[in-house]
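User: I am new to this structure and want to learn how to read it. Can we go through its features step by step?

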Amino acid sequence: MSAWASDAFCASLVRLAPSSVAVYRRDLEAFVAWAGRYSLATPSAVGRKDLRRYLAGLTRDGYAPRTVSRKASVLRRYFRWAEQSGRCPGDPCIGLSTPTGTSRLPEVLSERAVERILAGQAPATSGDPPLRRLRDDAVLELLYGSGLRVAELCALRPEDLDLRGARIRVTGKGGRQRLLPLSAPAVQAVKRYLDAHPASAGAGAETDLAAGPDDGSLFWNQRGRPLGPRDVRRILDRRAPEPTHPHALRHTFATHLLDGGADLRSVQELLGHRSVGTTQVYTHVSLRRLRSVIESAHPRG
C-alpha cells in the first residue's frame, strides 16, 4: 500500500468523522487489492477504463447501486488528491459515470414505538442495573428529543450541558458547533443520570457503571470507557421491541417535527445540515405518512 499512500490520503480527510475515514480506507484498500490482481501497482497506472471495469465488476457481484456509487465517490476523492499531491499525472475519474443508486427513504418509527423505547418496556430491560437504566434513559431522550447523531452524543461532555437553560452544545461534522434546545424529559433524564453517576456520588461509591480515566466524557459504558457507537446500538437493542438502529431516532425526530408543522429551515438548523436539500428527504417521509392517513381515513382516500 506504500505506493498508494493510503495513510497520507486518510490523514488528509480532516473534515470527516473517524467512522467515515474508516469507510474511505476500507473502500480504497478493496480497490488496491483489485488493482494488484491486474498488475496496476501505482495510482499512475490506473486509467478510466480500469475504473469502469472495477465498478462494473462490483455491479456483477451484486453490490447495491448505492454502494457502487459510494465506492466511486471514494475513488474520485482519492485520485483528485493523488493528482494534487503529484502521485498521479492526471485524474482518471474525470468523465467517469456511475449508478446514482435508488433513493431510499429513512426509517421512521411510530410514536407508539418511540414511547415504548423511551419507557423501556422491552423484556430485555426488566433486569437492568439502576445506573445503567438511568444512563440509557438519558441517551435515548437526547437522541430522539434533540435529533443528535450518535457520534455527537458520544462526544458530549458535562460542560456542554446547560440544564437550567434547557440547552446543549453539540459538535457536529467538520467541527461545526450548534446550540440545541433540550426537551423537558431529556433534562430530567440527564439530571437523574448525573445525580447517580460515580462522579457525583463521591469517591468509592459502588455503582453498576465503572468510571474509567477521566477524559471528560458525559456517558460511560460498563468497562469504564467513554460510550461508543456500538454501546449506543446495544442500548437500543435492549430497548426496541423490534430491530432498528440509533440513527432511526434522528430520522424520527425530524419527521415528527415536520408532521407537527415545523418549517424545513428550522429542522435543517436543528439537524446541523449544511444544505436544505439534505433535509428535504424528510418532507417525502412526512408526505408519505400523511398520504397513508388520507387513504385510511378520507372517504375518497
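Analyst: Start with the largest pocket. Helix 2 gives the largest share of its lining, 5 residues. Helices (H or I, at least four residues) and strands (E, at least two) are DSSP runs, numbered from the N terminus. This is a predicted model, in which local features need pLDDT of at least 70 and side-chain atom pairs count only at pLDDT 80 or more, while totals for chains, interfaces and linings use all residues. Residues are numbered from 1 along each chain as its sequence is written, and side-chain values use heavy atoms, with hydrogens and water left out.

User: What volume does the largest pocket have, and which residues are closest to its centre?

Analyst: First, the general idea. On a 1 Å grid over the protein atoms alone, a pocket is an open set of points with protein on both sides within 12 Å along at least five of seven lines, whereas a cavity is a set where a 1.4 Å probe fits but cannot get out; lining residues have an atom within 4 Å of a point. Grid points are joined across faces, edges and corners, and a volume is the space filled by probe spheres set on the points. Here, the largest pocket has a volume of about 1500 Å³. It is lined by 38 residues, and Ala17, Ser19, Ser20, Arg149 and Lys173 are the closest to its centre. Two or more lining residues come from each of helix 2, helix 4 (65–84), helix 7 (150–154), helix 10 (229–239), helix 11 and helix 14 (281–297).

User: How many helices and strands are there, and what share of the residues is buried?

Analyst: The protein has 14 helices and 3 strands. Buried means under 20% relative accessible area, exposed over 50%, and partly exposed in between (1.4 Å probe, protein chains only). Of the 301 residues, 41% are buried.

User: How many aromatic pairs are there?

Analyst: Rings of Phe, Tyr and Trp (its six-membered ring) pair if their centres lie within 6.5 Å; planes under 30 degrees apart count as stacked, over 60 as edge-to-face and the rest as tilted. By this rule there are 13 aromatic pairs. Take Phe9 and Tyr24: their pair is tilted, with 6.4 Å centre to centre and 35° between the planes. The pair links distant parts of the chain, as Phe9 is in helix 1 (residues 6–11) and Tyr24 in helix 2 (residues 18–37), 15 residues apart. Phe9 counts as buried because its relative accessible area is 0%. Tyr24 is buried too, at 16%.

Now take Phe31 and Trp34. Their pair is stacked, at 5.8 Å centre to centre and 25° between the planes. Both lie in helix 2, 3 residues apart, about one turn of the helix. Phe31 is buried at 0% relative accessibility, and Trp34 is buried at 8%.

User: Which residues form the aromatic cluster?

Analyst: One cluster holds Trp4, Phe9, Tyr24, Phe31, Trp34, Tyr38, Tyr54, Tyr78, Phe79 and Trp81. A charge sits over a ring if NZ of Lys or CZ of Arg is within 6 Å of the ring centre and within 35 degrees of the ring normal. Arg53 lies over the face of Tyr38, 4.3 Å from the ring centre.

User: Where is Thr252, and what does its side chain reach?

Analyst: A polar contact is a pair of N or O atoms within 3.5 Å; within protein, one must be able to donate a hydrogen and the other to accept it, and residues adjacent in sequence count only if both atoms are side-chain atoms. Thr252 is in helix 11 (residues 247–259). Its side chain reaches the backbone nitrogen of Leu109 at 3.0 Å. Thr252 is buried, at 0% relative accessible area.

Compare Thr244, in the loop between helix 10 and helix 11. The side chain of Thr244 makes a polar contact with the side chain of Glu107 (2.9 Å). Thr244 is buried at 7% relative accessibility.

User: Where does Ala5 lie, and what is its phi?

Analyst: Most residues other than glycine have a negative phi. Ala5, in the segment before helix 1, has a positive phi, near 55°. Ala5 is buried at 12% relative accessibility.
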